[in-house]
Amino acid sequence: AKTMVKVTERPRASFALNMENQCSKYNRFEGKNNSVYNGPETVSYTWDLDNAETKSSKDLVYSYKEFGKYDIKLSVITAEGCLDSMVRSVNVYPQGTSKLKLLRDTYCFYNNVVRFGNNSRVDGDEFTSLKWTFGDGFSRAVLSTNPLEYSYNTTGTFDISLVTTTNNLCKDTSEGTVTILPMPKAIAEVN
């Protein structure tokens, strides 16, 4: 009795990622499947995202909800059961939240000292830069979350921003507006 043995080519799993390190707020991993298979059977693709989720598609587009390190695994399997896989590690870095606080939003010009509070925070990382922009052409970089004081040299309405940057270069911005009013003019009438 003759036995027929069918030998098929093994697929070769391969993929490229748009970026391996991304910040949590806008992370979007795009996996371009470059796998090779020249056999006659159909193949299927499974992406294991290392967080109890899988995707069954040729290419991958995925955003993680939590920061951390993940191993993305692409498995390629033929209809006959021949399998190959490839793994790439990715990092999703903590974003941090920029949150400036205006203690007041309107001041008189004379002796104005605007006080800004900072309620910014980051979990799992630290800030390496806190850059305040005061809307009058001046800015200041500080590493403290203590309240900040600033005096304006002119009247007007100014757009304020606070850009926070983490150790892994993840940025966030908060904004506010402050108004510096002109001093009232006293008019004295003499009879």
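The structure is a predicted model, in which local features need pLDDT of at least 70 and side-chain atom pairs count only at pLDDT 80 or more, while totals for chains, interfaces and linings use all residues. Residues are numbered from 1 along each chain as its sequence is written, and side-chain values use heavy atoms, with hydrogens and water left out.

Two strands count as paired if DSSP finds at least two bridges between them. Strand 2 pairs with strand 8 (residues 83-93) in the parallel sense, over three bridges. Within that pairing, C23 has Y93 of strand 8 as its bridge partner.

An open sheet of five strands also runs in the order 10-16-15-12-13, again with mixed pairing. Here the edges belong to strand 10 (106-108) and strand 13 (139-142); each has a single partner strand, so one side of each is left without a neighbour in the sheet. On average, neighbouring strands of this sheet are turned by 25 degrees against each other, direction ignored; axes for such angles are lines fitted to C-alpha atoms, for helices over the stretch in contact, and angles run from 0 to 180 degrees between N-to-C directions. Strand 15 and strand 16 run antiparallel and are joined by 10 bridges, with I160 standing opposite G176 in strand 16. Strand 12 (residues 127-133) and strand 13 are antiparallel as well, paired over four bridges, and T133 stands opposite S139 in strand 13. The hairpin of strand 12 and strand 13 has five residues between the strands, and in it G135 takes a positive phi near 85 degrees.

Next comes the disulfide. A disulfide is a covalent bond between the sulfur atoms of two cysteines; the cut-off used is a pair of cysteine sulfur atoms within 2.5 Å. Searching the whole structure turns up one disulfide. The cysteines concerned are C23 and C170, with 2.1 Å from S to S. Their link is left-handed, at -95 degrees about the S-S bond. The pair ties together distant parts of the chain, 147 residues apart: C23 is in strand 2 (residues 21-23), whereas C170 is in the loop between strand 15 (156-166) and strand 16 (171-181).

How exposed are the cysteines? Buried means under 20% relative accessible area, exposed means over 50%, and partly exposed is in between (1.4 Å probe, protein chains only). C170 counts as buried because its relative accessibility is 0%. C82 counts as partly exposed at 21%, and so does C108 at 42%.

As for the interior, nonpolar side chains tend to be buried together in soluble globular proteins. A nonpolar core is taken as a set of buried Ala, Val, Leu, Ile, Met, Phe, Trp, Tyr and Cys residues joined through side-chain atoms within 4.5 Å. The largest such core has 17 residues, and those with the most contacts inside it include V114, F116, W132 and I160. Strand 11 (114-118), strand 12, strand 14 (148-150), strand 15 and strand 16 each give two or more residues to this core. I72 lies in strand 7 (residues 68-78) and counts as buried because its relative accessibility is 0%. D48 is 24 residues from I72 in sequence and 5.8 Å away in space, C-alpha to C-alpha. D84, in strand 8, is buried at 13% relative accessibility, and its side chain reaches the backbone nitrogen of A13 at 2.8 Å. S98 is also buried, at 6%. A polar contact of 2.8 Å joins the side chains of S98 and S174; the term means a pair of N or O atoms within 3.5 Å, where within protein one must be able to donate a hydrogen and the other to accept it, and residues adjacent in sequence count only if both atoms are side-chain atoms.
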